[in-house]
Amino acid sequence: MKRLLKIYLEKPELAGLVLLVILIAVFQVKSDGIFLGQQNLRGILGLLPETGLIAIGVTLLMISGEFDLSVGSVFALMPMSMAIAMTHGVPFVPAMMLGFAVCLAIGFINGYITLTFNIPSFITTLGMLFMARSMTVVISGGFPPLLSSDIPTWLFTSYVGPGELFRMSFLWFLVVGILAGLLLARTNFGNWITAVGGFQQAAAATGIPVKRVKMVSFMLCSVLAGFAGMIQVFRLGSPLPSIGEGLELQAVAAAVIGGTALTGGIGTILGGVLGALLIRVIDNGLVLTQVDANWFKFAVGFLTIFAVVANAWLRARAKRIKVEISS
Amino acid sequence: MTSPIISCQKIEKWYSGVHALKQVSLDIVPGEAVGLVGDNGAGKSTLINIISGVQTADAGEVHFEGRPVSIRSPRDAMDLGIETIYQYNSMVPSMSIARNLFIGREPLRLGVMGFGLIDLKKMRQESVRAIADVDLHLRTPDALVGELSGGQRQGVAIARAMYFKSKLMILDEPTNHLSVKETNKVLGFVQSLKEQGITSIFISHNIHHVFECCDRIVAMARGEIVLDKPASETNMDEVLDVL
């Protein structure tokens, strides 16, 4: 029993989950039951994949011990590259491939510069944040291109499920989330990600290709950010060069609320997803309960700090539960 | 005379202006427990790093089991059967014992080109066995390594090396920062290696520890081997004298 309690207290996503449940309950009561109504859930779940996909990538990368502040810009650059290619007559699928190739290249550059010159990824990706945003505006030529109407956007935006509860994008998000969760927890590569972030020297001493593991994490993170941006553009119908601004910090907040350690080595994909959901819930709940929506950032900021403090407290509690390890 | 399991021949290493290893040659025969002593900067860590693949030599050759080998990474060394246990950095504290035991060598249930799903069940079962084999009694392989004591961690590291049937085990200051009781436990592990016929190199500042569990003493100073004698033919005073 004590052992079970200890195991659960040590789960990094616990604090996020508890906060989520509390907030949902509060909003449900304050909004007279509208919050969990079908209409409103559709709204939340329709936006969740965009924040959620970025959060998954950022969580993965943070567990490997690195940072990516450029995700918000990549979020805009990917769909913009795709749309510009299409205005030049490139068909949808190759244009999309091109967009993802841009993401892979940015992830590669982020990783390559960070690892080769041994500088903090905070700096590398901060630089990339500005550069990728600038490229987005430049290639757009100041006028956002129109998306042609024969793109199969329904693959990402149409409503499906019981009572048309969620968009197709939610299914993509679910699949990516499950795959990323499996990757991290069940595959040897995931084990390496955790080991590299947890204690790099130990990982290197056991023969793990540290640089390649981080490189792949950087590239995965960029691709997921681009994917999220593409989904948003399909939903909005036009690739605006300004989308995704500030999303990088929301993604870090989501990962941290979900229990990911800033220092790497600790965290789960589920935690990152819960963190993203929490952010969406706050955003929606504040509006629904007629609180001034400008409190949104305040609430996210407060919860980020609160979740980390709560997590540290829970972990300290767990440590104090005395379960004999040796027999 | 049995042929050596590892033979270092005229190893040279420079660090910009420092001549860290000067034509160091060392042969170790199977089953030997060699104690490597020396002051900081004597070159013992450099020599060990070259054997375990963390650094590469500027000149000289390493022969393992009679064949010349090129050890360019820790992985190369591990594939040859050379395992190194460091003072701190052989375990990831935020991961479970079972995962730590198999980092980089996870048993796979389904894999393509070396990547795939870990066989978690097998990993747990084998961890329990590996830990029990070194007389370390832990109730669960799911406990985080960060919750273990220093001595227990070294025990797990040694269990890992034993499990992967290492032929040569290098212990780099494994007793630093451990309590007396824990130190004795680690020395016990080292002695059990000898009983199982595993060759070992034990590095320590503490000459008492070395004499307690090694049968040959090699002392280094200023990048050279200054003493190499069976433990029975030398004593602590002589070793301290040459250092």
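**Close-up views**

**The buried residues of H6(A) are A:Ser121, A:Thr124, A:Thr125, A:Met128, A:Ala132, A:Arg133, A:Thr136 and A:Ser140.** Seen down the helix axis, the buried residues fall within an arc of 160° (taken from the directions from the axis to the C-beta atoms), so they line one face of the helix. A:Phe130 and A:Val138, on the other side of H6(A), are exposed. A residue is called buried when 20 or more other C-beta atoms lie within 10 Å of its own, exposed at 12 or fewer, and partly exposed in between, with C-beta atoms placed from the backbone. The model is predicted: local features need pLDDT of at least 70 and side-chain atom pairs count only at pLDDT 80 or more, while totals for chains, interfaces and linings use all residues. Residues are numbered from 1 along each chain as its sequence is written, and chains are lettered from A and ligands numbered from 1 in the order in which they are written.

**Helix H6 of chain A spans residues 121-140.** Helices (H or I, at least four residues) and strands (E, at least two) are DSSP runs, numbered from the N terminus. The 20 residues of H6(A) reach 28 Å from the first C-alpha to the last, close to the expected 28 Å (1.5 Å times one less than the number of residues). The buried residues of H6(A) pack against helix H4 (71-87) and helix H5 (92-116) of chain A; contact is counted when C-beta atoms, placed from the backbone, lie within 7 Å. After H6(A) comes A:Gly141, with a positive phi near 65°.

**A:Val213 is a residue of helix H11 (210-236) of chain A.** A:Val213 is buried, having 23 other C-beta atoms within 10 Å. Leaving aside residues up to four places away in sequence, A:Val213 touches A:Ser64, A:Trp192, A:Ile193, A:Val196 and A:Ile208. Its C-alpha atom is separated by 10.0 Å from that of A:Gly197, 16 residues apart along the chain.

**Chain B contains an open sheet of 4 antiparallel strands in the order E2-E1-E4-E5.** Strands E2 (18-28) and E5 (67-69) of chain B are at the edges with a single partner strand each, so one side of each has no neighbour in the sheet. On average, neighbouring strands are turned by 30° against each other, direction ignored. Helix H1 (residues 44-52) of chain B packs on the sheet and touches E1 (6-15), E2 and E4; its direction makes about 120° with that of E1(B). Axes are lines fitted to C-alpha atoms, for helices over the stretch in contact, and angles run from 0 to 180 degrees between N-to-C directions.

**E1(B) is joined to E2(B) by 7 bridges, the strands running antiparallel.** Strands pair when DSSP finds at least two bridges between them. B:Ser7 stands opposite B:Asp27 in E2(B). The two strands form a hairpin with 2 residues between them, and B:Ser16 in the turn has a positive phi of about 35°. E1(B) and E4(B), also antiparallel, share 5 bridges, with B:Ile6 opposite B:Phe64. E4(B) (residues 59-64) pairs with E5(B) in the antiparallel sense over 3 bridges, and B:His63 stands opposite B:Pro68.

**The contact between the chains takes 23 residues from chain A and 29 residues from chain B.** On the chain A side, helix H9 (188-198) and helix H10 (200-205) each supply at least two residues. H9(A) gives the largest share, 6 residues. By class, the chain A side has 10 nonpolar, 11 polar and 2 charged residues (nonpolar: Ala, Val, Leu, Ile, Met, Phe, Trp, Tyr, Cys and Pro; charged: Asp, Glu, Lys and Arg; polar: the others, Gly among them).

Note on methods: Two residues are in contact if their C-beta atoms, placed from the backbone, lie within 7 Å.
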